[in-house]
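I opened my notebook to look up how one chain is built and how two others meet. Here is what I jotted down.

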Amino acid sequence: MTDLVLAALFVMMIMTALAAIRLTDLFAVVIMFSIYSLLAASMFVVMDAVDVALTEAAVDAGIATILMLATLVLTDRWERPSARLRMVPLAVVCLTGAVLLYGTLDMPIFGDASSPANTHLATYYLTESPGEVGLPNVVTSVLASYRAYDTLGEVAVIFTAGVGVLALLGAARSGRGGAAPMRDNPVPRVIAKIMIPLIILFALYVQLHGDFGPGGGFQAGVIFAAAIILYAIVFGVDAAAQVIPPAGLKVMMTGGVLLFAGTGFVTMALGGAFLDYDVLVRDPLAGQHLGIVLVELGIGITVAAVVISVFLAFAGRRRAR
Amino acid sequence: MSILEVVSGVLMLAGALFVLTGSVGLLRLPDALTQVHAVGITDTLGVGLIILGLAIRAGPTLLALKLLLILAILVLTTPTTSHAIARAVSRYRSRPWKDGQGRAP
Amino acid sequence: MILGIVAGALLAGMGMALIRALRGPGAFERVLAASSFNIKTLLFITVIGFVAGSPVDYVDISIMYAVISFISMVAVLRCIEHGGFTGDRDKEP
C-alpha cells in the first residue's frame with residue numbers, strides 16, 4: 001500500500017521534472033520546481049520522516065520559489081532556445097548518474113533492521129535517548145544534543161552563505177522602492193494583515209514544540225522569514241526594510257551563531273566538554289533540555305535573519321536598463 | 001457503527017466528490033477565468049468537508065482543534081488566491097476567451 | 001476504508017491538477033493548478049496520517065503547507081502581474 005502511494009508520487013515527480021526541462025516560460029518552470037519539491041516532501045512524509053518533510057517543504061516550496069522569482073525579475077522571462085544538442089555534457093551527466101545508481105546497489109534495503117546503521121547507532125539512540133536526554137522527539141535529541149557539533153557546523157554554513165550573499169549583492173538600500181505595490185488591491189492586504197501575526201505565532205510554536213513533535217530551529221526560522229517575506233510582497237520591500245532594518249538583521253545573524261557557540265563555551269567554563277549540556281544546571285536532564293532550547297533558539301534566529309537578508313538583497317535590486 | 005462515524009463518513013465522501021468534480025472541471029475548462037469558477041469554490045468546500053469529517057473522527061482533542069485551524073486558514077487563503085488570480089488575469093490579458101474559440105490545448 | 005477512498009480521490013485530484021499545470025498554455029492556468037495541487041497535497045498528507053494511525057505529527061506539516069502555499073502563490077502572482085517586488089514597474093515584465 002505504501003509502495004503504491006510512493007509509486008504514484010514518484011510518477012508525478014518524473015512528469016514534473018520532465019515538464020520543467022521542456023518548458024521555456026521560466027515562470028512556469030519556477031512553478032514546476034515548487035510542485036516538485038512539494039512532491040518530494042510528500043514522499044518523505046509517506047516514508048515517515050516528518051522533520052525532514054517539514055524542512056523540505058518550508059525551504060524548497062516556499063523560500064526557494066520566492067528567491068528564484070526574485071532572480072527571474074532581473075532576467076528574461078523566456079528561455080532562449082539552445083541551437084544544438086550538446087553531446088559532451090549529456091555524456092558526463094549520464095555517466096555520473098550511472099555511477100551513482102551503481103553505488104546505491106550496495107546500500108541496504110530501506111528500513112532494513114539488520115543494516116549496520118540500524119543495529120548499532122540507531123538502537124543506541126533509541127534506547128539511550130530517553131534516559132540521557134529525555135525528549136520525546138528523538139530527531140531533535142540527535143540533532144541538538146548527540147550531534148550538536150555537526151549542527152553548529154550547519155548553522156555556520158548558513159551564516160557564511162548569508163554573509164556571502166550580502167557581500168556580493170550589498171544590503172537592501174531603503175528609499176528606492178517606490179510606491180507600495182498592492183495599493184489598489186485590498187483583498188491580499190487585508191488577508192495578509194490577518195495572517196502575518198498568526199504565521200509568526202505558528203513559527204514560535206514550531207520553534208518550541210520541536211522537542212515533542214516535528215519542528216525545531218530550522219523550520220521555525222524559515223516560517224518566520226516567510227511571514228516577513230509575505231509582508232514585503234504585499235506592502236513593499238521598503239516597508240519590510242523599515243520593520244526589520246538590515247542592520248538589525250546583521251545583529252541577528254551573528255547573534256544566533258554566538259548563542260549556539262556561546263552555550264558550548266559556557267559548558268566548557270562550567271567544567272564539562274564543549275556542548276555538554278549536562279553541566280548547565282544541577283539535574284542532567286534539565287540541563288539537556290535547557291541546552292537544547294538555547295541552541296535551537298540560536299539556530300532559529302540565524303536562519304530567519306539569513307533568509308530575510310537574502311530576500312531583501314535580491315528583491316531590492318533593479319534590472320539594469 | 002455509531003452515528004458519529006456515519007456522519008464523518010458521509011462528510012468525507014461528499015468532500016471527496018466535490019474535490020473530484022472540481023478537478024475534472026479544472027482539466028476540461030478552457031481558460032483560467034473559467035477554471036477559477038470550478039476550482040476556487042469546490043476546493044474550499046470539498047476540503048472543508050473532508051477536514052470536518054476528520055475532525056469528527058478525531059474526537060474532542062487537540063488534534064481536532066488543529067484540524068479546525070487548518071480549515072480556518074484554508075477558508076481565508078483559498079478564496080484570496082482565487083481572487084488574486086482572477087484579478088491578475090482580467091488585468092493582464094487583453095482578449096479573454098470567448099465561446100466558440102475552441103478549448104485550450 | 002472510507003479514508004482509503006478519500007485518499008484515492010485526493011490522489012486523482014492531484015494528478016488532474018498536475019496535468020493541467022503541465023498543459024495549461026498560460027502562466028495563470030499553471031498558477032491556479034499549482035495552488036489547487038498544493039491544497040490537495042496537504043490534505044492527502046493529513047488523510048495518510050489518519051490511515052497510518054498517528055495523525056498528530058502530520059497535522060503540523062499540513063498547517064505549514066497551507067501557509068507556505070499561500071505565500072508562494074501570492075509571490076508568483078505579484079511577479080507575473082507587476083513584474084517585480086519593488087512596485088515601480090507596473091507594466092508587463
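I read chain B from the N terminus, and its elements run α-α-α. I noted 3 helices and 0 strands in chain B; helices (H or I, at least four residues) and strands (E, at least two) are DSSP runs, numbered from the N terminus. I kept in mind that this is a predicted model, where local features need pLDDT of at least 70, side-chain atom pairs count only at pLDDT 80 or more, and totals for chains, interfaces and linings use all residues. Residues are numbered from 1 along each chain as its sequence is written, while chains are lettered from A and ligands numbered from 1 in the order in which they are written.

Next I looked up the spread of chain B. Its radius of gyration is 17 Å, well over the 13 Å that the globule rule gives for 105 residues, so chain B is more spread out than a compact globule. The radius is taken over C-alpha atoms, and the rule is 2.2 Å times the number of residues to the power 0.38. Along the principal axes, the C-alpha atoms of chain B fill a box of roughly 55 × 25 × 15 Å.

Then I turned to chains A and C. I found 42 residues of chain C in contact (C-beta atoms, placed from the backbone, within 7 Å) with 52 residues of chain A. Helix 1 (2-23), helix 2 (27-52) and helix 3 (55-82) of chain C each supply at least two residues of the side that touches chain A. Helix 3 of chain C gives the largest share of that side, 19 residues.

Conventions
Two residues are in contact if their C-beta atoms, placed from the backbone, lie within 7 Å.
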